[in-house]
Amino acid sequence: MSARRDFEATLARLAEIRAEPNGPAATADLRRALAHRSNLIVARAAEIVGEWELGEFAADMGRAFDWFLVDAVRRDPTCAAKIALAEAMVKLEVDDSDLFARGLGHRQLEPVWGGTEDTAAHLRATCALGLARANPAGALLPLATLLADSEPDARTGAARAIAVTGHPGATPLLWYKTLIGDAEIAPLYESFAGLLALEPDKAAPHVGAFLHSPNPALAEAAALALGQSRLAAAGPVLREAWAATGDPALRRSLLRALAALDHDEDFAFLLDLLANGSADDARDVWAALSVYRGDARRWRKIERLARARPELSAQDR
């Protein structure tokens with residue numbers, strides 16, 4: 001069989017296994033696929049292992065991962081196999097801190113028009129999460145290094161992983177990261193989210209200070225993190241920022257964050273604004289409150305107030 005026909009036949013067989021991983025010979029065929037020399041075949045096999053959470057293939061994936069780390073540009077362009085393998089092992093909660101440390105340190109410069117591009121940033125971010133969950137002694141040191149990575153995807157993954165460790169040093173690291181800033185918003189959002197999970201009482205006002213940033217994207221990231229935190233302490237911070245800003249886009253973001261908190265006090269504030277606020281505020285609150293469509297009790301209250309606002313057309317409602 002030619003290499004092309006073997007490739008196509010293997011992909012077809014993997015499609016069958018994806019539909020029925022417990023079918024005849026599925027285990028043997030999936031194991032052969034994970035040992036294949038095509039990075040795309042191995043990536044597809046790893047996706048199946050992760051999707052079905054087939055923990056018996058952890059050792060096979062580890063061997064494949066290390067094989068693709070050698071001569072990586074030729075064997076695994078774009079890191080397709082290594083990323084899929086790492087994601088599957090993270091999903092399976094494979095406890096192999098050494099493997100994840102090897103992936104976290106991997107850089108893969110591939111030729112692109114005008115120079116080279118590091119295609120391993122997402123791999124480093126994924127391995128950072130795996131390392132954080134394995135949580136060996138000293139895990140914060142490589143994660144702190146990754147927080148200063150040249151690639152934003154890697155820095156974002158580092159911030160997320162640092163929070164996952166739950167180590168006492170995680171909070172100061174993320175706090176410092178928010179203070180020194182970043183050229184991209186995503187690492188800062190993950191730092192905000194991590195701080196709110198690790199140190200909720202102190203982090204809510206700290207993250208809230210960024211709601212007043214002259215950078216609209218940063219202010220919106222802080223609003224999103226506060227809303228997603230579901231912390232009661234986030235409500236007063238968000239309401240105060242809403243009252244203080246005249247930026248329409250930020251005001252809408254703050255209202256969405258308040259709705260996401262899902263606390264009675266914030267819900268009452270939004271209802272009052274829907275009933276008594278300006279026409280613009282009523283429209284913005286109505287949009288924010290759409291998250292409650294699945295809550296019959298609350299939605300009845302919202303609709304009753306909305307019907308009393310002529311600014312909200314039937315189409316809006």
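Helix H16 is followed by Asp 262, whose phi is positive, near 60 degrees. Helices here are DSSP runs of H or I with at least four residues, numbered from the N terminus. The model is a predicted one, in which local features need pLDDT of at least 70 and side-chain atom pairs count only at pLDDT 80 or more, while totals for chains, interfaces and linings use all residues. Residues are numbered from 1 along each chain as its sequence is written, and side-chain values use heavy atoms, with hydrogens and water left out.

H16 comprises the 14 residues 248-261. The expected span of a helix is 1.5 Å times one less than its number of residues; for H16 this gives 20 Å, and the end C-alpha atoms are 20 Å apart, which agrees. At the N-terminal end, H16 is capped by Asp 247, a side-chain oxygen of which lies 3.0 Å from the backbone nitrogen of Ala 249. A polar contact is a pair of N or O atoms within 3.5 Å; within protein, one atom must be able to donate a hydrogen and the other to accept it, and residues adjacent in sequence count only if both atoms are side-chain atoms.

H16 is mostly covered, with 10 of its 14 residues buried. Buried means under 20% relative accessible area, exposed over 50%, and partly exposed in between, for a 1.4 Å probe and protein chains only. The buried residues of H16 include Leu 250, Arg 251, Leu 254, Ala 257, Leu 258 and Leu 261. The buried residues of this helix pack against H14 (216-229), H15 (234-244), H17 (264-276) and H18 (279-288), where contact means heavy atoms within 4.5 Å.

In the largest nonpolar core, which has 98 residues, Leu 85 and Leu 238 touch the most other members. The greatest contribution to this core comes from helix H6 (residues 80-91), which gives eight residues. A nonpolar core is a set of buried Ala, Val, Leu, Ile, Met, Phe, Trp, Tyr and Cys residues joined through side-chain atoms within 4.5 Å.

A pair of aromatic rings is described by the distance of the centres and the angle of the planes. Rings of Phe, Tyr and Trp (its six-membered ring) pair if their centres lie within 6.5 Å; planes under 30 degrees apart count as stacked, over 60 as edge-to-face and the rest as tilted. By this rule the count comes to five aromatic pairs. One of them is formed by Trp 242 and Phe 269, with ring centres 5.7 Å apart and planes at 85 degrees, so the pair is edge-to-face. Trp 242 belongs to H15 and Phe 269 to H17, so this pair ties together parts that are 27 residues apart in sequence. Trp 242 is buried at a relative accessible area of 9%, whereas Phe 269 is partly exposed at 22%. The rings of Phe 267 and Tyr 292 also pair edge-to-face, with centres 5.1 Å apart and planes at 70 degrees. Phe 267 lies in H17 and Tyr 292 in the loop between H18 and helix H19 (296-307), so parts 25 residues apart in sequence are tied together. Phe 267 is buried, with a relative accessible area of 5%, and Tyr 292 is buried, with 4%.

A charge sits over a ring if NZ of Lys or CZ of Arg is within 6 Å of the ring centre and within 35 degrees of the ring normal. The charged end of Arg 251 is placed over the ring of Trp 242, 4.1 Å from its centre. Arg 37 lies over the face of Trp 67, at 3.9 Å from the ring centre.

Most residues other than glycine have a negative phi, and most peptide bonds are trans. Thr 78 has a positive phi, near 65 degrees, and Cys 79 has a positive phi of about 60 degrees. Thr 78 lies in the loop between helix H5 (72-75) and H6, and Cys 79 lies in the loop between H5 and H6. Thr 78 is partly exposed, with a relative accessible area of 48%, whereas Cys 79 is buried, with 0%.

Technical notes. Helices (H or I, at least four residues) and strands (E, at least two) are DSSP runs, numbered from the N terminus.
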